[in-house]
Every structure is written in C-alpha cells, then in structure tokens.
Amino acid sequence: MESELVIHPVGLEVHYEVSQFMFREARLLDERQFDEWLTLLAADIRYVAPVRLARMPREESREFEPEGGGAHFDDSKDDLAERVRKVNTGRAWSEVPASRTRHLITNIEVQAHDDPETYRVLSNFFLYRTRSATYQDQFAGARRDVLRRRSDSYGDFELVRRTILLDQTVLLGNNLAVFL
C-alpha cells in the first residue's frame, strides 16, 4: 500500500506537536474553514481512500485495493482545492444544506524516519455527519499520514500523504463529499 519507513522513536514534545496539528486540522474541517485547511496540505499531497474488499480470513492482507487500484478518491492538491472551491460556491448539490461534521481523532502514534523533518502518523478516526433535519451517517477507520515539518515554528507541519482505511466495506452514506 505504501513504502515502509525506517522507524525511529520520537520524543513527547514532537508527539504533542503532531497531535495538536491533527486536532487543529479536525477543528478546521468541522468549522468548514476549508480554505485554511488547504494551507495545511503540501503541494505534492496524495489524499487517497482505497476501496475495502470483503475477503476471507486467509486473504486479509489483500483487504484493500492496491495503490493505483480502485479508490473512493485519490486526490492531489489541485483536486482537493477544486472540491473546496465547489463547496464554497454554495451550489454543490451534495452539500446543500451543508453537512455538520464532528471529527474525532484518536490513538495517535508518531514515528520518525531517516528524514529528520518527516513523520509517519498512525491514527484512528470517527466522523459523524448530519445534514438537514434527519439525515446522518458515520464513517470510521484508520489513517496513515505522512507529515513534513515546514519550519522551526512550533507545529508548522504540512500533510504530505493521507491514506484513509475505512472500516466499512459498503458505504451507506448518500455521498462522500466530506473530508476524512
């Protein structure tokens, strides 16, 4: 799915910085501050959610489509910016009325590798979404992120890669117009 990194432990300060970055990102999404959220993304970002397949226990290692295979989305920064632009028009049918979301990010693990300014971040997420008076759905899963430090400023990271591993094999929501 993604290349393995040589793992080195990180200190509590870096773990705290990365966690705060992740929580800030979730808040920006929940507050619909999508333009500000885009500033957290690297120019070379890859934001992908491979399709999960129902497999027999002996085939669990092939549970997700391989890289380049089927995906709910496989977006670049330009793709994500276009999605934001469309939502900001107020005329994106999938977001009228706008979704109200709550991102919960948990079980954050931070790992450094040979590039001292890059971190691999493993986390779990739960996204609750409601629209209109009665529509609601939920998405849960794991995220495999790569963050890169932009400067010496506290918490100044950019998201370079996000792989979203949804727990659901069949998505029951009407659309996937939200950012996971």
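This is a predicted model: local features need pLDDT of at least 70, side-chain atom pairs count only at pLDDT 80 or more; totals for chains, interfaces and linings use all residues.

The residue to look at is Arg143: where does Arg143 lie, is it buried or exposed, and what does it touch?

Analyst: Let's begin with the residue itself. Arg143 lies in strand 5, which covers residues 135-149. Its relative accessible area is 1%, and because buried means under 20%, Arg143 counts as buried.

Now for its surroundings. Leaving aside residues up to four places away in sequence, Arg143 touches Met22, Glu25, Ile105, Val121, Leu122, Ser123, Phe125, Arg162, Thr163, Ile164 and Leu180. One of these, Leu180, also comes up in a polar pairing: a polar atom of the Arg143 side chain lies 2.8 Å from the backbone oxygen of Leu180.

Stepping back to the whole chain, the protein has 3 helices and 6 strands, and from the N terminus they run in the order α-α-β-β-α-β-β-β-β. Of its 180 residues, 46% count as buried. Among contacts between residues at least 6 apart in sequence, 65% join residues at least 24 apart.

As for overall dimensions, the C-alpha trace spans about 45 × 45 × 25 Å along its principal axes.

Finally, the surface and the charges. The protein exposes about 9600 Å², with carbon and sulfur atoms supplying 52% of that area. There are 25 positive and 31 negative charges, and their mean positions are 6 Å apart.

How values were computed:
Residues are numbered from 1 along each chain as its sequence is written. Side-chain values use heavy atoms; hydrogens and water are left out. Helices (H or I, at least four residues) and strands (E, at least two) are DSSP runs, numbered from the N terminus. Buried means under 20% relative accessible area, exposed over 50%, partly exposed in between (1.4 Å probe, protein chains only). Contact means heavy atoms within 4.5 Å. Accessible areas come from the Shrake-Rupley method with a 1.4 Å probe; for residues, only the protein chains shown count as cover. Lys and Arg count as positive and Asp and Glu as negative; His and the chain ends are not counted. The place of a charge is taken as NZ of Lys, CZ of Arg, CG of Asp or CD of Glu. A polar contact is a pair of N or O atoms within 3.5 Å; within protein, one must be able to donate a hydrogen and the other to accept it, and residues adjacent in sequence count only if both atoms are side-chain atoms.
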